[in-house]
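Hi,

Here is the structure I promised to pass on.

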Amino acid sequence: MILAGFLLLAVGAVDLVRQFAARRWIGYLVVAVLLLVLGSVGDALLPMLAALVVGALWVWCMPDDRPSSAGFWPAVLLGIVSVGAVVTLPERSGAGLIGEVWHLDSPVGAISFDLAVLVVGAAAFLLESANLVVRAALDGEHTWRPVERRELEPTPADAERADGESSASASEPTAAIDRRSAFQGGRLIGPLERILVLMLTLAAAYPLLAAMLAAKGIVRFPEISRGRETGARAEYFLVGSLVSWVIALGAAFLVWWSANG
């Protein structure tokens with residue numbers, strides 16, 4: 001359990017740090033120190049070292065400023081390792097120095113230090129790392145909104161405006177367009193949705209979970225229906241949503257198994 005918790009915590013933390021592009025190295029240093037402290041006081045030096053290595057490999061394999069050459073397979077491998085660690089490795093009998101003073105109650109019983117690390121790590125992964133996985137899945141399937149493709153292609157109106165402007169100034173609007181700009185809203189909606197899926201699944205509130213997922217489809221239906229000729233909008237919605245839900249449900253499974261195993 002502690003291995004999976006440290007792995008998810010390291011990956012989630014470095015991805016959250018990457019949002020501060022100007023001072024990333026400071027954030028990476030803080031994450032490394034945090035893991036070192038937790039690993040030391042929690043008698044989990046080997047899982048902590050493994051988490052540091054995995055976090056560094058994740059930053060290299062899953063860049064946030066360009067498509068990943070490895071696709072979403074690093075996330076698949078991370079998921080397999082995390083599930084394997086939770087399912088096969090026995091629960092630790094103690095948690096080192098922090099285990100002697102650790103005490104955290106909840107409505108469902110006492111929460112161990114290892115389980116707390118796993119929950120925090122899963123939540124951190126769902127906030128930003130899952131966004132990278134969804135993007136990698138869309139990149140791999142070449143699934144983009146039709147409006148983005150239209151924006152990237154010059155239109156007759158753009159050509160007419162270019163007649164009265166210099167070639168340099170005319171090319172600026174097109175060069176400034178980033179087809180990833182549509183993800184700006186999803187970077188907030190996606191994490192909130194995944195956290196809700198995690199919480200509702202662990203609370204066994206399956207009717208509320210089904211209602212929330214159905215409501216998302218209803219809200220997005222007008223937009224999806226506009227692309228019925230090619231099906232591109234529906235494909236975009238389905239691929240992104242399904243990958244996001246699978247990640248959230250996978251995190252819920254890890255926490256549930258750890259708490260009840």
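D15 counts as buried because its relative accessibility is 1% (buried means under 20% relative accessible area, exposed over 50%, partly exposed in between, with a 1.4 Å probe and protein chains only). D15 sits in helix α1; helices are DSSP runs of H or I, at least four residues, numbered from the N terminus. Its side chain makes a polar contact of 2.4 Å with that of R18 (a pair of N or O atoms within 3.5 Å, one able to donate a hydrogen and the other to accept it; residues adjacent in sequence count only if both atoms are side-chain atoms). Beyond residues up to four places away in sequence, D15 touches W58, E128, S129 and L132, contact being heavy atoms within 4.5 Å.

Before you read on: this is a predicted model, with local features needing pLDDT of at least 70 and side-chain atom pairs pLDDT 80 or more, while totals for chains, interfaces and linings use all residues. Residues are numbered from 1 along each chain as its sequence is written, and side-chain values use heavy atoms, leaving out hydrogens and water.

W58 turns up again in the largest nonpolar core, which has 44 residues; L35, W58 and F125 have the most contacts inside it. (A core is a set of buried Ala, Val, Leu, Ile, Met, Phe, Trp, Tyr and Cys residues joined through side-chain atoms within 4.5 Å.) Helices α1, α2, α3, α4, α6 and α12 each supply at least two of its residues.

As for α4, P74, A75, L78, S82, A85 and V86 are buried there. The face turned away from that buried side carries the exposed W73, L77, I80 and T88.

Cheers
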